[in-house]
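Please walk through this protein model with its ligands in view.

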Amino acid sequence: MTRALTLGFVVWLLAACAQPDPVYQRTIYTFGTLASISLYDLPREQAVETANELERTLARLNRDWYAWGDGTLGELNRALARSPKVAIDAELAELLRRAFEFQSISQGLFNPAVGEYVELWGFHDSDARASLPDQQDLNAIDSPRGVRLTREGEQFFIETDRPGIILDLGGIAKGAALGVCRDILLTAKVQRALVDLGGDLIVISDATDPPFSIGVRDPRAAGVIAVLQANGGEAVVSSGDYERFFDQAEERYHHIIDPETGYPSVATAAVTVVDLDPVLADAAATALMVGGSLRFHALSKLLDVRYATLITADGQVLHTEAMANRIALADSGSGSP
Ligand code: AMP
Ligand code: MG
C-alpha cells in the first residue's frame, strides 16, 4: 500500500509496508508555501521540541531572507536605495557570497540581482497580481549587474553603483533554510526525518534505514512523473514554471527570470536536482531552468551537479547520466541520459 501526501510540487511517498509512519508530523506555512516537518524514531516530547525549534528557525530565516520583508535582506535593499555601501551581518554575507559564486559559475543565469524584474512582473508577493509589464518599464531596468560583497576586517558590506537594485535570494533561500534544518536535526541526534518546504526537501536517515521515496511532480498534470530514492542528508529541490505564473495568449509567464532579457525563462517546465549541498541544489535548479535543455548537460557539469532532471515545456525529459541511474519514470516520459 502506498500513501501519497502532496505538498507543493514534489510529492513524497511513504511505502507503508517499508517504513513506519512518522512519530510526529507538523504542517506549517513558511517561505510562502505549506511546509511539513516529519520526525521518526524519537520520543514524542523531544519531537515536539525539535519541531518547535525548526518552526521558529524557519520563521526567522524567512523573515531575514525575503527581499521585500522587514528582516535583514529587506533592510539591506532599502538601505541600498540611499547608499552605495551598506554593512551586513555575517549570516546574510555568507548566503550572498554563495549567490554571487553561483552567479559567476552559471555565467549569470543565476543572478541574485533580479529583484527589480521580479517585482515589476508582480512575482515578489503571493498576494500581488502578476501581469505583463510595460516594455518601457522593463527597458528602464539596467541589466542586473554592478553589485559586490566586500569585507573590512570582520565587517561585511554590499557595494553597488546602481541605486534601486533589489537583491533577491528567493532562488536559494529555501535550500539554505533546509541546510539549517539539517544542522538542527543532526545536533538533536534525530535519526530519521524529512523537512519539506513545499516541494524542496531534505531527508535525514541512517545508512541502515531504507531511503525515502520521493516523487517528482508532473509539471503539467496532477501526479508524479518520476520517483527517486533520497539517502540521508540529501536535498531534493525543484524549480518549475507552475509555481508562480500566469498564462496569457497561450504563453506561460512565471517567476524565474532570464536576467539577460528580463522575461521569464522559456521552454523549460521544471528541473529537479538532488545534492548533499542544499544551497547548490536550489541555485542549480533555478539556473538550469533559465539555461534550458540546450545547456542542460554543460551547465550541470559547470555547476558540479551530478543528479539533475529537466522537463521541457513540450514534455521531453532529460537526465544527467548519474540521475538516469537512480530515477524511475512513473509513466511513458521519454528519458535521455
Ligand atoms: P526557485 O523556485 O528556487 O527557482 O526560485 C525562484 C525565485 O528566485 C523567484 O521567485 C525569484 O525570487 C528568484 N529568481 C528568479 N529568477 C532568478 C534568476 N535568474 N536567478 C536567481 N534568482 C532568481
Ligand atoms: Mg532555486
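The paragraphs below go from the core to the ligands and then to individual residues.

This is a predicted model, in which local features need pLDDT of at least 70, side-chain atom pairs count only at pLDDT 80 or more, and totals for chains, interfaces and linings use all residues. Residues are numbered from 1 along each chain as its sequence is written, chains are lettered from A and ligands numbered from 1 in the order in which they are written, and side-chain values use heavy atoms, with hydrogens and water left out.

Start with the core. A nonpolar core is a set of buried Ala, Val, Leu, Ile, Met, Phe, Trp, Tyr and Cys residues joined through side-chain atoms within 4.5 Å. Buried means under 20% relative accessible area, exposed over 50%, and partly exposed in between (1.4 Å probe, protein chains only). The largest core holds 73 residues. Those with the most contacts inside it are Leu 39, Leu 76, Leu 96, Ile 158, Leu 167 and Val 273. Helix α7, residues 278-291, gives the most to this core, with ten residues. Helices (H or I, at least four residues) and strands (E, at least two) are DSSP runs, numbered from the N terminus. A second, separate core has 21 residues, among them Phe 212, Ile 214, Ile 225 and Tyr 242.

Now find the metal. The magnesium ion (ligand 2) is coordinated by Gly 171 (O), Asp 282 (O), Asp 282 (OD) and Thr 286 (OG1), at 2.0 to 2.4 Å. Donors are N, O and S atoms within 2.8 Å of the metal (3.2 Å for Na, K and Ca); water is not among the atoms, so sites may look incomplete. Along the chain, the donors follow the spacing G-x110-D-x3-T. Asp 282 and Thr 286 are separated by about one helical turn, because they are four residues apart in helix α7. Both are buried.

Ligand 1 comes next. It is surrounded by 17 residues, each with a heavy atom within 4 Å of it. The closest are Asn 111, Asp 168, Ser 239, Ile 257 and Thr 286. Polar contacts are pairs of N or O atoms within 3.5 Å; within protein, one must be able to donate a hydrogen and the other to accept it, and residues adjacent in sequence count only if both atoms are side-chain atoms. A side-chain N or O atom of Asp 168 is 2.4 Å from an oxygen atom of ligand 1. For a polar side-chain atom of Asp 282 the distance to a ligand 1 oxygen is 2.9 Å.

Which strand holds Arg 26? Arg 26 sits in β3, residues 24-30. Arg 26 counts as buried because its relative accessibility is 13%. Its side chain makes polar contacts with those of Tyr 24, at 2.9 Å, and Glu 55, at 2.7 Å.

Arg 82 lies in the loop between α2 (72-80) and β5 (85-88). At 67% relative accessibility, Arg 82 counts as exposed.

Finally, look at two loop residues. Phe 31 lies between β3 and β4 (33-40), and its phi is near 50 degrees, a positive value in a residue other than glycine. Phe 31 is buried, at 12% relative accessible area. Asp 41 is in the loop between β4 and α1 (44-64), with phi near 60 degrees, again positive. Asp 41 counts as partly exposed, at 48% relative accessibility.
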